[in-house]
Amino acid sequence: MDYFFLPFLSFLVGIIVGLTGIGGASLITPMLIFVFQVPPSIAVSSDVVSATLMKVIGGVKHWRQQTLDPQIVKWLALGSVPGSLTGVAILAAIKQNGNLNPDAILLRAIGVVMLLVALLALAQFLLKTFVPELNLPEPPKLDLKTKSGRLLTVSVGAILGCVVGLTSVSSGSMFALVLIAFFRLDSRMLVGTDIAQAAILLIFTSLGHLSLGTVHWSLVLPVWLGTVPGVLVGAKLCKIVPQSGLKFVIYSLLVMVSWKLVYDV
């Protein structure tokens, strides 16, 4: 394996994640499998562990430059952390009691929903950009100052956390869609909030993968060498990149990630 090429590619991935909050597992895992010929189980586990540090550092950077919403992070995490542990427990029970592997079915279903929502968000953005006089309906906004808003946020976090626990993919993409649809953050706050909540969720997810014994530190360390400085560069760029361009990149990445889940599973 080329241990110089791996940090370089990881650096580019880190920039994308720091800039958009999306693309970690969607880019690093395929890169390890197809470019470096790493077995899928090892690639997934090593990616989860390496992505944890990247997201934590990226989240801290966004927190320091005040490009995240700590209240949204807190209430989503209160649901997503127990949800992810529940998902892992469900997956373990399914695998113990039969040969059914739910991953392909779940991933495709998630991909279809994500693709529809991402396409709608992209279409709405393009219409607002090029036809500003057009009045489009907006989804209800969750208000964290109310009990119902907090309860709904925790519930959404629990559902998405459970899905991540079952599949170990697309946490950033799914939560980004929630932040777009129900909180309507500006692009910079969306990116930082997404990275911060993903960091908390991945800390617990990575503990499960470490217990499986499929994490290879010979992969994790080179990925860290690239993604950690990359995510810092991306987070810094996020603060200066124009809002409209950043929003278009985020929506386009969401469409590509969801398309991949639908047709490549």
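Here, a residue counts as buried when its relative accessible area is under 20%. Cys238 comes in at 0%, so it is buried. Bear in mind that this is a predicted model.

**Helix H9**
- H9 covers residues 217–238, which makes 22 residues.
- At 1.5 Å a residue the helix should span 32 Å, and its end C-alpha atoms sit 30 Å apart, so the two figures agree.
- There's a bend of about 30° in H9, and you'll find it at Trp224.

**Cysteines**
- A disulfide is a covalent bond between the sulfur atoms of two cysteines.
- With a cut-off of 2.5 Å between cysteine sulfur atoms, the model has zero disulfides.
- Cys162 has a relative accessible area of 17%, which is under 20%, so Cys162 is buried.

- Most residues other than glycine have a negative phi.
- Look for Gln37 in the loop between helix H2 (24–35) and helix H3 (40–64).
- Gln37 is exposed, at 62% relative accessible area.
- Gln66 also isn't a glycine, yet its phi is positive at about 60°.
- Gln66 sits in the loop that runs between H3 and helix H4 (70–96).
- At 66% relative accessible area, Gln66 is exposed.

Key
Residues numbered from 1 in each chain as written. Predicted model: local features only at pLDDT ≥ 70, side-chain atom pairs only at ≥ 80, totals over all residues. Heavy atoms only, no water. Helix = DSSP H or I, 4+ residues; strand = E, 2+ residues; numbered from the N terminus. Buried < 20%, exposed > 50% of the residue type's maximum accessible area, 1.4 Å probe, protein only. Expected span 1.5 Å × (residues − 1). Bend = angle between axes of the 7 residues up to and from the residue.
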